[in-house]
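Subject: The structure I promised you

Hello,

Here is the structure for you to open alongside this message. Below it I have written up what turned up when I went through it.

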Amino acid sequence: MLKNYFKTTLRSFRKNKAFALINLLGLSVGLAASIFILQYAFFQLSFDKYNSKSDRIFRVMNERFEGNQMIQRGQITYSAVGPQMAEDYPEVVNYTTINTMGTNFFIYDNQPQEISSILMLEPSFFEMFDLEILAGNPKELVNENYQLVLTESMARKLFKTNTSDWTGYLGEIVEMGSEKLKWQVSGVVADPPANTSLPFEAILSRVTFFTLWGESARFSWNSSDYFHYLQLGEGVDYKEFEKKFDSFSEKYFRGDEVTGTYEKFHLQPLEEIHLYSDYEYENHLTSDGRMVWILIIIAVFILTMAWMNYVNLTTSRSLQRAKEVGVRKVVGASRKQLMSQYLTESLVLNLLSFVLAITLTQALQGPFNNLVGEDLSLLAFMGLKVLSVPMAVWVLLVLLIGSLGSGIYPAFVLSGFKPSQTLKGDYGKSTHGRMLRKSLVTFQFILSTALIAGTYLVIKQTHFMKSQDIGVNMDHVITVEGASLTNFDTTIVAFNNNFLNKLKQNPHVLNAATSSNVFGSRMPRTFNVKRVGDTEAHMLNRMGANYDFFDVYQINFLAGRSFRKEDHKLDPRLIDAVILNEKASKILGFENTDVAINKKLSFFGQEWTIVGVTDDFHHRSLKESIEPMMILPIYFGYSDTYQIRVSGENLAETIAYIEQTYNEFFPSDLFEYGFMDARFESLYKSDVQFGKVFNLFSLLAISIACLGLFGLVGFTAMQRTKEIGIRKVLGASIKDILGLLSKEFLWLILIANVVGLPLIYMAARQWLGGYEYQTSIGIPFFIIPLLVVVLISVLIIVSQTLKVATLNPVKSLRQE
């Protein structure tokens, strides 16, 4: 019997090739699109879950307050916090403290190798986190001073080898940075997976920095910049546990007595770090959990619409198959057998669509990976486990449920025709069936309207952020990384000035400067900044810059002046000039910017004179508010970045000149450059990627919805063929008939917009709430979806109804 079902199914597909092809295309595209979306979404959701103890590891978060004002909210805190919590609370079964280090250089065999991410770790890290050790003793990797652990990819770059046996490199000496500190290789580990919130290329033993930085690196209640991770015992409710932290803060910080600020602590689950972190000083690029769930919802929409289309298209053919059903019933087929036949058709079509979807996924995996900026694979996706069950099982289960769910109604309808009616040409009229099909299409219109409105808003918000005046001019500004391997001494001021002056000798170099932070980077903060004679303390962001920095970026001054050459002192203790932005001057209580000039501030144990106040400008993206900032005339040497404004003409020659001059002054360093505007735009990378993915799959979802409308219009037009013939005999024009058939669908579109737009408006307000600077929603948000849906629908309705409306009335009246 089953074999016969398959034969009949294939025969039906061959007989109705157009119907089978449309269904196959809709389902396969829907399945492929959903697989792509879920690949990306579940990759984002999988961060850190590869760790066997991930559900019991938490990061200690620190919020600092000056009075009632929160001045810092992040994951860096004091070195004593983690060890003290582990000692005080039995709920903590293990802990580890981490420091991070940015870009640096390793030198091996006189060859420098840039390294972008370094962790300073303790032995307990290897007890809490899962790392594959390729060489070295797991218990002795970071126990001693100056021990170095490399990832396999970094070891290959550093040692210039493709070996897989790293034991021969244990004990090798590697120098680091301008100070040429010597580190001994104690181990090699496999590269951390892409879905980690703690990426690294090398590990340094943290104990080394107890010597380099002093005892405060081990245990201090006022030395910050440390990350603490706690491993809680089985069954510990972390929400209940963190209620104890108020008393912890009071016991060790005694209000603001110890640090000058009030300290609050809470825990963040390791598994939530990647998607739910809007904290400062994050160690890796995070994603927005809201956006990930929006994409998952779109995947559900696409699958739902694809199966809805199958229902509509199948039932639209019910009139064509009614006589077939009548004949089958006359020769003895039961309703159960007929339902089994039509369910088999649904299963076979879905199975073929799934095979085609897998083929499409494999073929388009590369372009999709380029779109989202991740190295995803179908094999890795299918191997992911959800509730301890492989994703492949879940996919097949959803496919089975969808196949049966979408097939059950058409099977019920088709098997329900009565032979006595169908063989005489009377197929009956099902009000319930018409209402269901209209409801399905209306639901698809609602989803389409929401997706079009969402696409419009995503594009508008991204354009808004990238097109706003941020208060600085980044066009034609080249950034050159500071010299990491050059030793600077007391001649640093003169050395930097000579380098910058040499650059300016080129007619295409308009200006050149240096600063400790580039736009887009996170600035360090200074606490306890006070006006001299005032007891109220404030927190300000801090950066160092030279006298031409403000001219390079054409930053406007509201009062006072820029730095002068004489503000840069050889002895940093003699530097006393400071420039504020307008927000900082307001926070410090100055009535206006003119009043602030020549006033004294106190911080770092000395007095500083305010020499200028600038307009507020954005140092970070428009997702964040402008923060109070002070700029000091300080050179930091290797951590500075050179910023060079060029004319834009003969760009290749200008860059070559800059490189030649750089190599002349810093012969042992690597020349690395970029463009400031591109660097700043990278802050919007995740938003742009989300927009591209959202727009692409919204378009696919709308296309699939159009297939559903195609099916319903075809069904309606076919069902009303005789009526149309009679109307034409009585004098109705094609225009009249098009209006008659279009009216009911346009009502469905209107209902969909009335229902859908208020819902998407509420969702849009919530989504925009995640941005500090927001575009307006505006009238086009409501008008564009309506116009697009109406236009697409009219085109489909006209194309389908014209076939019937242009038929000869004689043929129309004979058709039924």
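**What I found**

The largest nonpolar core has 83 residues, and those with the most contacts inside it are F519, F549, Y553 and F697. Helix α9 (residues 289-316) gives this core its largest share, ten residues. Please keep in mind that this is a predicted model. In general, nonpolar side chains of soluble globular proteins tend to be buried together.

Apart from its neighbours within four places in sequence, F697 is in contact with A33, F36, I37, I298, I302 and F368.

For the chain as a whole, 52% of the 816 residues count as buried. Its secondary structure comes to 26 helices and 26 strands. Among contacts between residues at least 6 apart in sequence, 80% join residues at least 24 apart.

Next, have a look at α8, which covers residues 245-253. Which of its residues are buried? They are F245, F248, S249, Y252 and F253. These residues sit on the same side of α8 because they cover an arc of only 95° around the axis. On the other side of α8, D246 and K251 are exposed.

The cover over the buried residues of α8 includes α3 (81-88), α7 (238-241) and β13 (262-269).

**How α3 meets α8**

The axes of α3 and α8 are 12 Å apart, and the two helices pack at an angle of about 115°. The contact is made by V81, Q84, M85 and D88 on the α3 side, and by F245, F248, K251, Y252 and F253 on the α8 side. By type, the residues of this contact divide into six nonpolar, one polar and two charged. The crossing of α3 past α8 is right-handed.

**A buried aspartate**

Is D548 buried or exposed? D548 counts as buried because its relative accessibility is 9%, and the cut-off for buried is under 20%. Not counting residues up to four places away in sequence, D548 touches K504, N511, A512 and A513.

Happy browsing, and do write back with any questions.

Best wishes

Key: Residues are numbered from 1 along each chain as its sequence is written. This is a predicted model: local features need pLDDT of at least 70, side-chain atom pairs count only at pLDDT 80 or more; totals for chains, interfaces and linings use all residues. Side-chain values use heavy atoms; hydrogens and water are left out. Buried means under 20% relative accessible area, exposed over 50%, partly exposed in between (1.4 Å probe, protein chains only). Helices (H or I, at least four residues) and strands (E, at least two) are DSSP runs, numbered from the N terminus. The arc is that of the directions from the helix axis to the C-beta atoms. Contact means heavy atoms within 4.5 Å. A nonpolar core is a set of buried Ala, Val, Leu, Ile, Met, Phe, Trp, Tyr and Cys residues joined through side-chain atoms within 4.5 Å. Axes are lines fitted to C-alpha atoms, for helices over the stretch in contact, and angles run from 0 to 180 degrees between N-to-C directions. A crossing is left-handed if the near helix is turned anticlockwise from the far one by less than a right angle, and right-handed if clockwise. Ala, Val, Leu, Ile, Met, Phe, Trp, Tyr, Cys and Pro count as nonpolar, Asp, Glu, Lys and Arg as charged, and the others, Gly among them, as polar.
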